[in-house]
Amino acid sequence: MNWAWQISSASGLFLLGLIWTVHLALYPLFRQVAAECWPAYHAQHARRMGWVVAPVMLAELIATVALCFDGSLPLALRLMLIGLVVTNWLTTGLGAVPLHQKLEQRPEPALIGRLLVVNRGRLVAWSLKALLMLGWGAL
C-alpha cells in the first residue's frame, strides 16, 4: 500500500465522519441559534470548520490525484475515486460555500434547508469513496 492510498483513505474516512456529523448535528442546530447571535456564531463556525476541513480536503485531493498515476490500480477505480473527490470540491465550492456566504448575516430557514440538500451530495460522494477504498483495500 503506497503513501497516496493511505493518505487518500485516511483523509476520506475522516471527512466522511465529519460530514455525517455536520449533517446530523451541526447544520440542523443552525435553526436553534438566535438571530441576534447568528452573525458571530456563523463567523466562528466558518472559521473553525475551515481550519479543520481545508487541510484534510487538500491532502485528500493531492493523494487521490497521485493515485491517478498508480498503474497498479484499475483505471475505472482511479477514475471513480478522482471523480468523487472532484465532486466534493465542486459541491463544496459551488454549493456549500455560496450558501454559507448568504447565511452570514441571518439564519434563513430556507437557506439552511438548501445547505442540507447540497450537503447530501457530499455525504453520498464521501460514502461511495469510502466504500470503494475499503472494498478495494480489503482485496
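**Reading the labels on a predicted helical chain**

Student: Why is Lys 129 called buried?

Tutor: The relative accessible area of Lys 129 is 2%, and buried means under 20%, exposed over 50% and partly exposed in between, with a 1.4 Å probe and protein chains only as cover, so the label of Lys 129 follows from its value. The model is predicted, with local features requiring pLDDT of at least 70 and side-chain atom pairs pLDDT 80 or more, while totals for chains, interfaces and linings use all residues. Residues are numbered from 1 along each chain as its sequence is written, and side-chain values use heavy atoms, without hydrogens and water.

Student: What makes Lys 129 and Glu 60 a salt bridge?

Tutor: The closest N and O atoms of Glu 60 and Lys 129 are 3.1 Å apart, and a salt bridge requires a side-chain nitrogen of Lys or Arg within 4 Å of a carboxyl oxygen of Asp or Glu, so the pair qualifies. Glu 60 lies in helix 2 and Lys 129 in helix 4 (residues 109-138), so the bridge ties together parts that are 69 residues apart in sequence. Glu 60 is buried as well, with a relative accessible area of 1%.

Student: How many salt bridges does a search of the whole structure find, and what labels do Arg 106 and Glu 108 receive?

Tutor: The search finds two salt bridges, and one of them joins the side chains of Arg 106 and Glu 108, at 3.1 Å from N to O. Arg 106, with a relative accessible area of 51%, is exposed, whereas Glu 108, at 26%, counts as partly exposed.

Student: Why is Asn 119 called buried, and what is Asn 119 in contact with?

Tutor: Asn 119, placed in helix 4, has 0% relative accessibility and therefore counts as buried. Contact means heavy atoms within 4.5 Å, and, leaving aside neighbours within four places in sequence, Asn 119 is in contact with Ile 19, Val 22, His 23 and Tyr 27. Across the protein chain, residues 24 or more positions apart account for 77% of the contacts with a separation of 6 or more.

Student: What makes Leu 79 exposed?

Tutor: Leu 79, in helix 3 (residues 75-102), has a relative accessible area of 52% and is therefore exposed. The C-alpha atoms of Leu 79 and Val 65, 14 residues apart along the chain, are separated by 9.8 Å.

Student: Why do Trp 3, Ile 7, Leu 58, Ile 62 and Trp 89 form a nonpolar patch?

Tutor: Patches are made of residues with over 30% relative accessible area and no salt bridge, like charges being joined within 9 Å and nonpolar side chains (Val, Leu, Ile, Met, Phe, Trp, Tyr) within 5 Å. Those five residues form such a patch on the surface, with about 490 Å² of accessible area together, as given by the Shrake-Rupley method with a 1.4 Å probe, only the protein chains shown counting as cover for residues. Helix 1 (3-29) and helix 2 (38-67) each supply at least two residues of the patch, and Ile 62 has its place in helix 2.

How values were computed:
Helix = DSSP H or I, 4+ residues; strand = E, 2+ residues; numbered from the N terminus.
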